Amino acid sequence: MAVRPLRQFLLLYLILFCRFFYSNAALGSVTDEEEFSEELLLRPLPDRKVLAHFHFETRAPPTASNGRHHHLFPKAISQLVQKFRIKEMELSFTQGRWNYERWGGFDPVPSNNAKPPGVELWAVFDVPHYQVDASWKNLTHALSGLFCASINFLESSTSYSAPQWGFHSASGNLRYGTLPREAVCTENLTPWLKLLPCRDKAGISALMDRPSIYKGFYHSQRLHLTGKGFDSDGVDSGIVLQQTLTVVLQPNEKRTPVTSLETKFQPSWSLTSIFGRKVSGSCVLAKSSTVYLQLDRDLVAELKNLQKHNEIAVAENVNYEGLRSGYGFQLSVEPDKVLEEVNGSHGTSPSLLYVFSVEKHSESEPFDLGLTWKIPVAWSCQQAPLHASRFLMGSGNERGAIAISFESTRLSEWLLHSDAIDSCELPVKIFQVVPWYIKVYYHTLQVYVDEQQQAISDVVDKIHVSPSEDKVSPGMMEMILKFPCRMKSAVATLEFDKGFLHIDEYPPDANQGFDIPSAVISYPDFYSSTQFGDDKSLEALPILAKFQENNSVVSYTEVLLVPLTTPDFSMPYNVITITCTIFALYFGSLLNVLRRRVGEEERFLKSKDAKKGGPISQFLSKLSAKLTGRPLETPQSPTSTSSSFISSKLILKVVLVAGIAIVWHFYLE
Amino acid sequence: MAETEAPRPRQRPIVRLGIFLISHSFSFSVVCCTAGVLALLLLPILAKNTYISENALMPGSANPMLSNQDVLEANRFVKDLIALNSKPRGSGIESQRLIAQYMKDLGAEVNYHKFHPQITQFHPLQFFSSPDSGTVERNISCSFHGVNTVGITRAPRGDGKEAIVLVTPYNSQKIKQAEALSLGTAYSVFSLLSRVTWLAKDIIWLVSDSQHGEYAAVSAWLRDYHIPMFTRLHTVNAETCPDINYLYDVRDNSVTGRKIYDGFKRAGTMAAALVIKVVDRSETFDDNLNIYAEASNGQMPNLDLINIVNYLAVHRQGFRVKVEKLWSLLDSKWLKNLGELFESVGQVVSSINPQWKFGIPAADYTEGIATLASSLYNQALGVPTGPHGAFRDYQVDAITLELSPRASVDKIIRQNDFLLRGGRLIEGVILSVNNLLEKFHQSFFLYLLTSPGKFVSVGVYMIAFALLVAPLPMVAASLYADAINLNSSQNNEKTVADEPGTALRSLKWVNAAKKVFVVHLWGSVVSLLPYFICQIPNRSPTVSFIIWFLLSVLSFFIMFLILASPFSHAKESQLHLREWAILKSVTMSATFIGLCLMSVINFSTAELGGLLLVPMCLMAQPMRRDIRVGSLSTLSRLAYNLVFCLIGFPPVTFVLLKGAFEGFNSINVGDFWCWVESLWAWSSATYLYIGMVHLPCWVLCIHILFHHC
C-alpha cells in the first residue's frame, strides 16, 4: 500500500523537476529565442526628398534547440536554407535608380541598399563544388515561386556567373545573377510582407501604403539571409533574415514659382504626409520597434554654421526645447534618445540620430513623426570616393564599346592622409557581367587617367576574366584598378562586337534592345561604417549593428541598353513564301532537266509546227512589223517565231477571261 | 512556205518572251518610259493616308497637363532671355548661364558642352565612314567655339536606359524673339516633365549654340555623346579661354546652387529627338507647323514619328501642318491641267463604280506634286534639311518642328496661347514616344510624303523607277544582238575562213567595255580632283570650278591617249559598221547597273538621275548618220539628242534648275562649285553618283553622238 504514495510522490517530484528544469532551460536560453525587430530610418535628402528605410530582422536560433518548428521565423525561408544549404543569400527587387550624386554613396544605407534596377540575386552555398550549380538552379525556382517573380530565368547558365573575388569575399561557392528588366510591383511585396510576423497589419510595416511607396523615386525591397553556421569553425549562429525596404519619397509640397534668388525651404513632412498612414503601436511580436531620424554630417555641420551666424544676431530669441528640436527644425514627437556619431579621423561634425520608440504608442495615441523646417538649409550627402558611370560608345549594329568613367569626388584627398597624397593609390574593384551576345574583347581594355592613356600594367592591379561562351555562359570580368589619389577623372573602355541571336532566342520586345547588367564598383580601402556611441546596449538594435559592420563602399553603375540587329518578326511569312518559291523553281527545273528527252520533244514540236498558223497571228505579225518599222519578215526567221507565240487562241482566252471578269464585277457590285 | 531548212524548234516561253521584248525594244522602251513618267506623276493619287502603325504610341490618349502656370514661367524665361540682349558684355556666356540656372532650378542635371565646329574637308577615303573625331587636329582659338547647354531630367522611376532629346537651336550672340520663344516652348515642356511621374525615359534638353550653324552644334554634341575622345588633344584648353572659365564661377547666393558639373552628362540610348524652332513668318491664317524630316542621303525617320506629330498638331492643338513643297510648281499651268485631267478621269471612274476611289481634286494634286517634288529633291540632294539630320547618323529618329505663329507674337496673350499650344504638342509627342517600349520599327522608313497626312511607300514608288530603267537592258540587248547579226552576216558574205575576224568579232564588246571602263575610271578621277583643288589656298569658287573643269578635260585626254589608244588603233583596221551600237549597248548596261545601285543607296537620286539619263541613253545616235539621212524624223532626233546632251551635263543641269527656281540673273559659275562643295561636306552619295555614273554616261553619250561611222 505504501507503494502508491511513493509513486505519487515520485510523479510529483518528476513534474516539479521537469518544471524546474524547463524554467531553468528557459532562463538559460534567453538569447536562443527567436527574435523579431522592426525599425524605420528616416533621413531628409538634399534634393527635397525623404529617404525611408525599413529594416526588419528575424533571427532563428540554431536548429538543435528548436527542432523544425518556429515561432516567428518564416518556415519557407528556413526550409530554403535547409534544403539548399545556403550560407548567405541576398535578393533585391528594385525600381528606379539610386541617385548617387544627390542621395550620397558612402554611408551604409546606400552602400548596402542601393541596388541595380530589376532583380539581383546572389547566394553562397555550403555544398561541395560540383553541386553549387544544381543548388543555384533549384534555388532560383524556389524563389521564383516564393516571390512571384521570374527569377527562374536566372536558371539558365547564360544568365548567372560565378565571381571569384570581384563581388564578394566568399569564393568558389558564390553565384550571381541579375534580371535588369524585371518589373517590380506589389505582387512582389506581398509575399515579402508575408514573411513578417505581423505582415503589414501592425507595427511599423503598417506604414506601407502601396500607392505611396510605389509613387516614390526609388524603391528597393531586399531580403538578406545569413544561413546557419555550416562554417568550419563550428560557431552556430542560426539564421538571420534581414528584410529591408528602401524608398525615396517626395513629400507633398505646394508648388510655388521659384526663382534662383529666392531662398528655398526644404519641405516639411510627417509620416502621414509621406505615407498617408500613422503607426499605431508596435507589432506585439517584435522585440524592439524603433524609428530613427538621421541627419547627415553635412547637414549637421550646416545647421551648426547657421546657428553660429544667427546666434550673434538673435541671441536672446534662442529658446531650446530640449531634445525636441535642433536648430532650424522642429520635431513633432520628442525623441527618446539622441545619438551622436563616433567618428574617428575626419574632422567634420558627426551625424545625428534621433531615436523614437514606438512601443509606447497605441491606437489612441498614434505615432506620427513630423519634421518642420524653420530655416532654409542646403547641404550635400557624402559621396563615394569616385563617381562611377558607365555608357556605351559607337553607333551602328556592328560594334561598340563600353566605357566606365570615374570622376573624383575629392573625398579621397581628405580621407586619406594628405601628406602622402602624391604616392597614395586608390584601388577600385570592378565586377562586370556581360551577356554572351555582346562579345567583349578583353584585350582591348584601355585606361585613361586624367586624359592620358596609361599602360595597362601600370593601372591594373589584378584582373580575372572569364570570356563568354556562345549560348553557354556570359562573359565576366573582375578587376582591381589602382588610380593615383590626385586623379580627377579616369575612363576604362572595352570594345565589343554585337552578336547574332537565333530567331527563337529573341526575347519579347526584342526591338527595344538588350540589357547589359550593372557593373559593381567597390572601393576596398573605404569602409562604410557608422558608429553611434560606444554603448553596448545599442548593439541590440539591429540597424545600428548593421551600420557598424565594416563593409567596403559599393556602388552600381547604370544598366546599358544595346540595340542589336533584330529580324523583322513579321517576316517569317515572307521568308516561307520566298523559300517555297525558290524550292519550287529549283526542283522544277531539276526535274525538267532530268526527265527531258530532247529527240522526242523535237518530234513533238515538228508535228505541232505543221499545224501552226492562222489568220490572226498573220495579222498580228504584220501589225508588229509595221510598228517596229522593219520589213515584213518571212515566218521562218527567228523573230517571227517569237512573235507568233501570241496565238489567236491565247488572245481569245485573254479576252474571254477579261470579259468574264468585267461582267462578273459589274453584276456583283 | 517552202521547207528549205529544218524548222527551228520552238523555244521555251520565258526565252520567247525575252526574244519578243528584245525584238520590239523600241516600242517597249517608248511604252515603258512613258509609263515610268506617268507613274511618277500618278504618285500623289496613289498616295495612302498615313496611319499610326505602332499601337504602343497611343497619341492623344492623355489630356495635356501643361498648364498656364508653366506658360507663365516660360514667359518669364523668355523675357529674361531677351533682356540679356540689352546688356553690353558677353551676352553669349550670359545667356548660357541664364539657361543653365533655369534648368537647375527645375532640378535638372546641367552641364555645358564646349565644342569647335568641325571644318568641312573633303576626305576621299572616309566618304562613307561613320563620323569620327579622331582625325581632326586643329589649332584652337578661343573666339571660334560654341557652348551648348545640356539639361537632363531623369525619369523618376525609369531605369535610365533610354532618353528622348529635345533640341532648341539659338544664336547665343544675338537672341531673337522667335528663338527665345522656341526656348520658352521647350522650357515649359521641360519644367512640366521635371515634375511628372509617368516618365519612363530620361529627357535631354539640348540648347544648341547655333552661332556656327545649327547642324554643327548638334552634331558636335552627338559626336561627343557617342564617340568621345579621352585624350587631352581633343578638349578645349580651358586655361587660355577666360570666357569658358567664367561659365563655371557660379554665383553661389542661391541656396540650391550646386556647382555645375564640369564634364559630359549622358543618359542612355536615344529613342527619338525633336528639334523645335520658332520662326517669325507672320502667317495670315493660322499657327503653322512645318515638319522637316530629310536626313543625309535621303534617309527618313520612321513614319510613325511624323504621324504622331501630324495627328497631335491637327487633331489636338489645331496647327496647320505643312511639309516643304516647291512653291514654283504650285502655279504652273500644265500641272493644273494635268490635275484637272486626272480629276475628270477620276470622276468618270467613280461614275462607273462609286467604290473605285481614283483621282483627287486638281488643287490637291498640284500640292501633292509640289510636295513630292520637294521631298524627292531634298532626298536626292542628300543634304539634311535641319539639325535633325545629325541624329540619323546615329540611327536616332528625329524631326524638326518649325512653328510659326499667326500674326506677330508681340501681344502677350497671343504669345501665351502660342506657347501653350506648342508646349502641349511637344508634351503629347514626348508622351507618345515615352509610351514606346521598343524603338521605332513598326512603320515605314522608305517613303515619300505628298502631304503631311499622305505618303507613298517604297512598294509604290519603286514601280515608277523600275518602269523607267527597264528599257535600258532591253535596248542594250537588242542593239548587241543586231550588231552581232549584222556583222556575222557581213562576215558570212566575206570569206568564212577569216580567222582573226571572228576572233575580233567576239572580242568587240570587250573593246567597248574597255572604253566604258576607262571613262568610268576617269569619272572617279574627276570626283577625286576637288580634294587636291581644296589644298590650293586663296581660291574663289569660280577659279576652283574652272581649275576643276580644265583638269578634268586634261585628265580625260591623257587617259584616253594612254589607255584607249591601242584599241582605237585596232579598231581602225577593222572598222565595223555598227561599232557605236556595241558601245552604246555597253554604256547602257553600265548606266543601268549604276542607276540600280544608286536606287539602293538613295532612291531619289536614282529617280531624278534616271529621268535625265534614260532618254539621253536611249536616243543617242551618231550625228553623221542622222545628217546623212536628212529626213525630218532624223533631224528632229538630232535636235532632241543635242538638247538632251546639253541638259544632261551636270553643271548645265544645275544652272537650269537653279534658274528655274531662283531666276537666272543671280547665277554665277562658281555656284556649281559651292554646291558640289556642300555635297561632299555632307558626304552625300549624290556626289559619288554624279562623278561615277552620271558624268561618264554623259561623256559616252557625247562620244556616241560624235562617232564617225
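A salt bridge here is a side-chain nitrogen of Lys or Arg within 4 Å of a carboxyl oxygen of Asp or Glu. By that rule, A:Asp515 forms a salt bridge with B:Lys161, with the closest N and O atoms 2.9 Å apart. This pair crosses between chains, going from A:Asp515 in strand E23 (residues 514-516) of chain A to B:Lys161 in the loop between E3 and E4 of chain B; helices (H or I, at least four residues) and strands (E, at least two) are DSSP runs, numbered from the N terminus. Both ends are tucked away, where buried means under 20% relative accessible area, exposed over 50%, and partly exposed in between (1.4 Å probe, protein chains only). A:Asp515 is buried because its relative accessible area is 10%, and B:Lys161 is buried because its value is 2%.

A word on the ground rules: the model is predicted, so local features need pLDDT of at least 70 and side-chain atom pairs count only at pLDDT 80 or more, while totals for chains, interfaces and linings use all residues. Residues are numbered from 1 along each chain as its sequence is written, chains are lettered from A and ligands numbered from 1 in the order in which they are written, and side-chain values use heavy atoms, with hydrogens and water left out.

Over all chains, the structure holds 36 salt bridges. In chain A, the side chains of A:Asp200 and A:Lys201 meet in one of them, at 3.6 Å from N to O. A:Asp200 is buried, with a relative accessible area of 14%, whereas A:Lys201 counts as exposed at 68%. In chain B, B:Asp671 forms a salt bridge with B:Lys658, the closest N and O atoms being 3.8 Å apart. B:Asp671 lies in helix H23 (residues 670-681) of chain B and B:Lys658 in helix H22 (residues 650-662) of chain B, so this pair ties together parts that are 13 residues apart in sequence. Both B:Asp671 and B:Lys658 are buried. There is also a network of salt bridges that links A:Arg97, A:Glu101, B:Glu109, B:Arg154, B:Asp202 and B:Lys265.

Now for chain A as a whole. It has 18 helices and 26 strands, and 47% of its 669 residues count as buried. Its accessible surface comes to about 33200 Å², of which 57% belongs to carbon and sulfur atoms; accessible areas come from the Shrake-Rupley method with a 1.4 Å probe, and for residues only the protein chains shown count as cover. Strand E4 (residues 118-125) of chain A is mostly covered, with eight of its eight residues buried. Eight bridges join E4(A) to strand E3 (residues 86-95) of chain A, and the two run antiparallel; two strands pair if DSSP finds at least two bridges between them. In this pairing, A:Thr94 has A:Gly118 of E4(A) as its bridge partner. Six bridges join E4(A) to strand E6 (residues 174-179) of chain A, again antiparallel, and A:Val124 stands opposite A:Leu174 in E6(A).

Chain B has a sheet of its own to look at. Eight strands form an open sheet in the order E2-E3-E5-E4-E6-E9-E7-E8 (chain B), with mixed pairing. Strand E2 (109-115) and strand E8 (320-323) of chain B stand at the edges with a single partner strand each, so one side of each is left without a neighbour in the sheet. Within the sheet, strand E3 (residues 146-153) and strand E5 (residues 202-209) of chain B pair in the antiparallel sense over five bridges, and B:Val150 has B:Leu206 in E5(B) as its bridge partner.

B:Val516, found in helix H16 of chain B, counts as buried at 5% relative accessibility. Leaving aside neighbours within four places in sequence, B:Val516 is in contact (heavy atoms within 4.5 Å) with B:Leu583, B:Val586, B:Thr587, B:Ala590 and B:Leu700. B:Phe517, which also lies in helix H16 of chain B, counts as exposed at 54% relative accessibility.

Elsewhere in chain B, B:Ser188 is found in helix H5 (residues 177-193). B:Ser188 counts as buried at 0% relative accessibility, and touches B:Leu66, B:Asp70, B:Ala74 and B:Gly423, not counting residues up to four places away in sequence.
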